[in-house]
Amino acid sequence: QDMFEAGGRHQAGPPGKGALKIPERVPCPRLGTGGGQFTANTMACVSEAIGLALLNSSGAPAPYESRDAYGTASGAAVMRLLEKNIRSRDVVTRKSLENAARVVACTGGSTNGGLHLPAIAHEAGIEFTLQDVCDIFHDTPYFVDLKPGGKYVAKDLYEAGGVPVVLKELMRAGLLHGECMTASGRTIGEELDDIRGEADGRVIYPVDKPISKTGGVVGLMGNLAPDGAIVKVAGMSEAEQVFTGPALVFECEEDAFAAVQKRAYAEGDVIVIRNEGPMGGPGMREMLATTAALSGQGMGKKVALITDGRFSGATRGFCVGHVGPEAAHGGPIALIRTGDVITLDAIKGEISVALDEAELAERRKAWTGPRETIYASGALWKYAQQVGPTRLGAVTHPGARAERHVYADL
């Protein structure tokens with residue numbers, strides 16, 4: 001995140017010699033990877049909340065020897081699960097998915113949680129869509145102060161007690177299903193009874209004194225996204241969560257990034273990047289280069305950006321992803337033209353374009369179909385033919401609900 005934004009500042013006009021070279025030398029001073037509540041750390045927290053990983057096993061920094069102890073403990077846990085015949089689908093239930101969504105929301109986690117949780121549910125044969133995830137986000141307070149919206153990183157969370165303390169706070173507020181089974185062979189409620197850590201009021205706020213009353217990630221719906229969209233609002237004030245402006249439309253991320261580099265946009269624009277969804281990309285790339293460049297140019301709060309692709313967890317500003325249906329499926333985002341007025345309201349959960357149904361219908365008649373890509377063979381071509389909508393996790397097969405067998409019983 002820091003390096004991408006430094007690149008944006010450099011393009012905007014370097015403040016001095018070596019301004020980019022100096023941070024290039026120290027972006028990752030230790031072993032491991034990005035410390036913010038980006039996609040990797042978000043899903044690490046999910047692994048504990050959903051019950052598939054032992055409590056506090058996911059957050060230790062890479063060099064910590066405690067990782068070895070958790071490796072040993074995990075091996076012993078596997079043997080207990082085999083002995084008790086507890087399987088992953090006994091752990092992954094509708095309620096455990098709800099627990100996981102709570103943790104994404106209260107930590108200001110990555111919008112990609114809204115993609116991965118429905119996909120996990122699909123594998124388990126459970127219906128749990130992006131809208132279900134967003135409903136939980138809306139009802140969950142945001143009380144863990146992590147980057148990019150906050151001050152602290154994963155190491156700070158771990159040393160403040162980690163995910164178990166976060167789960168304890170959710171349990172205290174009646175927002176956690178304590179009866180869910182976990183990889184330990186005990187319920188999450190039983191596991192939390194043994195946790196002695198408490199909210200420190202610095203990294204982890206008390207749940208009844210949150211940073212904000214709703215989650216750090218918000219779902220949007222409207223005539224521009226009938227299947228929904230998602231935006232990370234952690235670190236944004238209420239005033240910053242409403243934005244109206246003219247669309248500036250790009251057919252792919254490369255075109256948008258080139259325009260941002262040249263500053264070929266204006267304050268107040270809503271930058272639209274389409275054809276980057278699961279089918280249209282193909283592959284649903286994240287738009288970190290463009291959003292970080294905007295932030296680095298000091299325009300992160302002066303423009304908005306929407307896409308049928310996704311965003312890195314490191315994205316900041318009013319950046320709406322997962323717009324569905326995607327352009328390749330003929331969704332409204334495929335019909336937008338530069339100059340159309342778009343309104344984004346994360347407080348009300350709305351995303352709309354100032355066009356009536358008659359105008360949208362006329363434009364749909366003139367739509368010539370999905371953008372042609374360079375992928376006409378290989379795995380990406382196959383993926384594009386099979387992939388489903390983002391709101392269901394962008395999956396490529398019917399899922400467990402269509403299964404007529406259980407592998408473990410064969």
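Me: What is the handedness of the crossing of H12 and H13?
Reply: In this predicted model, helix H12 spans residues 253-261 and helix H13 spans residues 288-296. Their axes lie 9 Å apart. The crossing of these two helices is left-handed.

Me: Are H12 and H13 roughly parallel or roughly antiparallel to each other?
Reply: The two helices pack at an angle of about 15 degrees. Angles under 35 degrees count as roughly parallel. H12 and H13 are therefore roughly parallel.

Me: Which residues have the most contacts inside the largest nonpolar core?
Reply: This core comprises 30 residues. Strands that each supply at least two of its residues include E1 (217-222), E3 (242-250) and E6 (319-324). Phe318 touches Val231, Val242, Phe243 and Leu344, among others. The residues with the most contacts inside the core are Ile306, Phe318, Val320 and Ile342.

Me: How many residues does the second, separate core have?
Reply: Among the members of this second core are Val103, Val144, Leu146 and Leu167. Its total number of residues is 23.

Me: Does Glu169 count as buried or exposed?
Reply: Glu169 lies in helix H10, residues 162-172. Beyond four places in sequence, Glu169 touches Phe143, Glu198, Ala199, Ile204, Tyr205, Pro206 and Val207. The cut-off for burial is under 20% relative accessible area. Because its relative accessibility is 4%, Glu169 counts as buried.

Notes:
Residues numbered from 1 in each chain as written. Predicted model: local features only at pLDDT ≥ 70, side-chain atom pairs only at ≥ 80, totals over all residues. Heavy atoms only, no water. Core = buried A, V, L, I, M, F, W, Y, C linked by side-chain atoms within 4.5 Å. Buried < 20%, exposed > 50% of the residue type's maximum accessible area, 1.4 Å probe, protein only. Helix = DSSP H or I, 4+ residues; strand = E, 2+ residues; numbered from the N terminus. Contact = heavy atoms within 4.5 Å. Axes fitted to C-alpha atoms, helices over the stretch in contact; angles between N-to-C directions. Parallel < 35°, antiparallel > 145°, perpendicular 65-115°, else oblique. Left-handed = near helix turned anticlockwise from the far one by under 90°.
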